[in-house]
Amino acid sequence: MKKILVLFAVVIVGCASPKNIGKDKYYHAAAGAATEVVGEKLKLPPTASSFAIGFAKEVYDYIDYGRFDVKDLLATWIGGIIVRHIIKNKNEKENNKSNR
């Protein structure tokens with residue numbers, strides 16, 4: 001729970017920072033998070049699904065608009081990394097409860 005609160009604080013500070021990273025990066029992080037939940041259910045390797053969907057989206061953008069944005073890819077992947085970490089901690093806590 002403590003780590004989730006720290007993550008929440010980081011997001012709030014990031015939103016309040018004077019440097020604007022744009023709403024687009026938050027959308028990418030949310031897409032990576034959602035994709036990672038699905039990837040975990042399908043037993044895919046950690047963060048593979050969020051990276052794959054981010055890479056596919058950027059390839060599409062490159063074909064359609066002529067621009068591959070590495071920052072968008074990283075934002076998508078970071079969303080997946082955060083969610084995977086939360087899922088891992090949740091599963092560890094459930095395993096510890098069942099072992100008692």
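F51 and F55 sit four residues apart in helix α3, so about one helical turn separates them. Helices here are DSSP runs of H or I with at least four residues, numbered from the N terminus. An α-helix has 3.6 residues a turn, so residues three or four places apart point the same way. This is a predicted model, so local features need pLDDT of at least 70 and side-chain atom pairs count only at pLDDT 80 or more, while totals for chains, interfaces and linings use all residues. Residues are numbered from 1 along each chain as its sequence is written, and side-chain values use heavy atoms, with hydrogens and water left out.

The structure holds three aromatic pairs. Rings of Phe, Tyr and Trp (its six-membered ring) pair if their centres lie within 6.5 Å, with planes under 30 degrees apart called stacked, over 60 edge-to-face, and the rest tilted. F51 and F55 make a stacked pair, at 6.2 Å centre to centre and 15° between the planes. F51 has 33% relative accessibility, so it counts as partly exposed. That scale, worked out with a 1.4 Å probe on protein chains only, calls a residue buried under 20% relative accessible area, exposed over 50%, and partly exposed in between. F55 is partly exposed too, with a relative accessible area of 40%. F55 also pairs with F68: the ring centres are 5.7 Å apart and the planes stand at 65°, so this pair is edge-to-face. F55 belongs to helix α3 and F68 to the loop between α3 and α4, so the pair ties together parts that are 13 residues apart in sequence. F68, at a relative accessible area of 31%, is again partly exposed. Put together, ring pairs link F51, F55, F68 and W77 into a cluster.

Next comes helix α4, which covers residues 70–99. The expected span of a helix is 1.5 Å times one less than its number of residues. At the start of α4, a side-chain oxygen of D69 reaches to within 3.0 Å of the backbone nitrogen of K71. V70 lies in α4 and is partly exposed, with a relative accessible area of 47%. The C-alpha atoms of V70 and F55 are separated by 8.9 Å, although the two residues are 15 apart along the chain.

Which residues of α4 are buried? They are D72, L73, A75, T76, G79, G80, V83, R84 and I87. Their cover includes α2 (23–41) and α3 (48–65). Take T76, which is buried with a relative accessible area of 2%. Leaving aside residues up to four places away in sequence, T76 touches H28, A29, G32, S50, I53 and G54, where contact means heavy atoms within 4.5 Å. A polar atom of the T76 side chain also lies 2.9 Å from the backbone oxygen of D72.

A search of the whole structure finds six salt bridges, each being a side-chain nitrogen of Lys or Arg within 4 Å of a carboxyl oxygen of Asp or Glu. One of them joins D72 and K25, with the closest N and O atoms 2.6 Å apart. D72 is in helix α4 and K25 in helix α2, 47 residues apart, so to speak a link between distant parts of the chain. D72, at 5% relative accessibility, counts as buried, and K25 does as well at 18%.

E36 and R84 form another salt bridge, the closest N and O atoms being 2.8 Å apart. E36 lies in helix α2 and R84 in helix α4, so this pair ties together parts that are 48 residues apart in sequence. Both E36 and R84 are buried, R84 with a relative accessible area of 16%. Not counting residues up to four places away in sequence, R84 touches E36, G39, E40, L44, P45, P46 and T47.

K57 and D61 are four residues apart in α3, so about one helical turn lies between them. K57 counts as partly exposed at 37% relative accessibility, whereas D61 counts as buried at 9%. Finally, salt bridges that share partners join K25, R67, D69 and D72 into one network.

Notes
Helices (H or I, at least four residues) and strands (E, at least two) are DSSP runs, numbered from the N terminus. A polar contact is a pair of N or O atoms within 3.5 Å; within protein, one must be able to donate a hydrogen and the other to accept it, and residues adjacent in sequence count only if both atoms are side-chain atoms.
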